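Here is a short briefing to read alongside your model. Take a look at the structure first, and then we will walk through one of its chains together.

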Amino acid sequence: MKPHIILLSLAGVLLLGAGQTALAEEAPAQPEPAPAPNSAGRLTVGETTLAVGGFLQADTVLLDQSSQDQLSPSGGEPLNTERFLIRRGHLFVEAQRNLLRAAVELDANTVKGMAVGLARAELALGRARPRWNWEIGLGLLRIPFGLEVQQWDPDRFFLERSNISRALFPGTFDLGARAQVSWRFVRAQFAVMNGNPLGDASFPAHDPNAAKDFVGRLGMDSTIAAKVHVSAGVSSLKGTGFHPGTPATKDVLVWRDQNEDGIVQLSEIQVIPGRAATPSQNFSRFAVGADGRVGFTIPCLGNSMLFGEVIWGANLDRGLQPADPISSGRDLREFGWVVGAAQEFTSWAALGVRYDFYNPDVDAYRQTPTLLVPRDVSFRTWTFTLSFGGFARNRLILEYQHNRNALGVAADGSPATLASDTLILRGQMVF
Amino acid sequence: MGCRPDIWLLFLSLAIATCSGEAPCDTGLEALVRVAGGQFYRGSIDKLASSDVPAVVDVLNSQDVITPGLQNKQISGRLDPGSTAVVIGFAGDVGYWILAAGVPDADSPTQPTFHASLSFSPSLPQTSYDLIVRAVAPPNSFGPAAHVALDVAPILLPTGALVVSLWWDTEADLDLHVVDAYGVEIWAGNINSFDPYAATPTTDAGVWSQGGILDFDSNSGCVIDGRCNENVVWSVVAPAGDYVVRVDTFSLCGNSAARWTVEALLNGVSLGRAEGEALPSSQRFSKGKGGGLEALSFTVPPQ
């Protein structure tokens, strides 16, 4: 793992070194991400400063092509998704005493019925100075990888993260320890984590193996000219996944009514022999990524924002199509990228568009009657977002997503897009 | 139901003009026949544009008689070379199913195959159906239809002098308990009321069949068999006297409720019928002998 991180770190440092002369003005040194929104209420008791705050995102799903008024034949859960729901309702408390900081954040939502749980819990030791910050933390922490994973939910212009971000990091918080340093415009973060973030499809907030994931990002964040803000970075993750073993099974006698006469015949009885237990196994996984974001202001119009992120990975999908190279017999390589732009039109409205691409298995293939042919299993999504309230945190958002995928079957048996476009209206408030 | 024909969708699809060629999200549960692993499309299979090729070479089907709710009926066959998929459905049904073609058999290496596992709607009307199978070749060339005639047979209730039946509507584990005129309880733990020690000594080997016999412990231990029906049957003659029928909610198996019906038929004539609903609270009553809640009582007259 170490050479991996070190190489990336060196590349980042060289990149930043080359661009340093162009930086007209460094941004104030701040740890990433911002520890608490500005709107949080603060109270000082003795040497302790308490901050209380939160945010609410309430959604109305106006259209979802995949919605049906049925129950899932496999799990029995409702398939209708055209509904009102609370996507996120967060409440947090932060306490600061000298160099120590503690924070607890709860999330309540109705995505899969009523659920209340821990969203963040961190204990940190650090010092903030005008141009030099450092902090080490322990607990349920934000994963230091890339751009989208580290964005605070209300700050994201689009409703949700891109497909590759949600697939590789189904949750943005994981249990572990993290160190982060900022010096002038340089940002460096490194964490050792369980590797099973909140939202993991298999073992959320657990750790079925002793091996830990090592995650880091090296980047820069600066205001290079009047009202032009740039941030960029390279990230890496190296970790160990878990393939669950199976318990022993007993011999089973099975009757298959092959001639469908409803009568048991000796030739229709089969013995399925029991099988010994199989052990669980670990497998290695990794991801590397690069991200960039530019924000600037157009006079008389408003703020603008451009961003992009690209990620390569292997065996790291933990959310969309969980990768298990032990079951599939080969490594599953992932690749994806996202680009987006948004423009304010005065402080009342903003328009944004985003395109994201994610291929959960670059080497996928399928069997036709006579040939084994490559198969494109990628997800492609166009997102169009209209925000009433500009880039502000308190706003009303209307978003249409046009999804392309390979989950359906066309009339000739070839893969086709399974209709799943969505139109969602969200109200959001930070308090 | 299928993809919602919302006005929003229409508007936005027109605006973006990229929605063609999409497969619908539809479980196809409203169709009379369903194909495991198939992609469901709405529309009539017999109205698809037809061409001469590719054709279905043959269809293997074991039985022409099906029952409502039947699962995992297997059909298979071979297709003309160049076929990539097969379309399966009932003529006149609300939709049809697309299934990708499989690799050829060793004895006919140029002909793709198909293997389909069919299930049928529990509300399948009792009549004859025309199952249509059509081969497909790119781009969307539907070959001529191969027809398989299927007759729907009713699910026959057991016959006997006295039949006490319990049936219910969800995949729960309910148990039928019947206490006969002698006070003997027939249930999953005692499936026959005949007592060899109390009976008159005889050399008749079939004397055991004179008792009331429970035919099946449906969904036992939440191993779902789909029958949701249990019967206690006296095949020859039932003892005269008073009977009590109880329904035990052993487990709802994760369902929120189960609506049940109990009926007693003496030589085909109803002696009584009761309906009720098993709720989660019903699961807490005692199990085994003496378990369940009384649902029906009736008297069998001397015969």
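Predicted model: local features only at pLDDT ≥ 70, side-chain atom pairs only at ≥ 80, totals over all residues.

**Chain B as a whole**
- Chain B has 1 helix and 20 strands; helices (H or I, at least four residues) and strands (E, at least two) are DSSP runs, numbered from the N terminus.
- Of the 303 residues in chain B, 36% are buried (20 or more other C-beta atoms within 10 Å of a residue's own, with C-beta atoms placed from the backbone).

**An open sheet**
- In chain B, 4 strands line up as β1-β8-β5-β3 with antiparallel pairing; two strands pair if DSSP finds at least two bridges between them.
- The edge strands, β1 (33–35) and β3 (56–61) of chain B, each pair on one side only.
- β3(B) is joined by 5 bridges to the antiparallel strand β5 (residues 73–79) of chain B.

**Where chain B meets chain A**
- 36 residues of chain B are in contact with 32 residues of chain A (C-beta atoms, placed from the backbone, within 7 Å).
- On the side of chain B that touches chain A, α1(B) gives the largest share, 4 residues.

Conventions: Residues numbered from 1 in each chain as written. Chains lettered and ligands numbered in written order. Contact = placed C-beta atoms within 7 Å. Buried ≥ 20, exposed ≤ 12 C-beta atoms within 10 Å, placed from the backbone.
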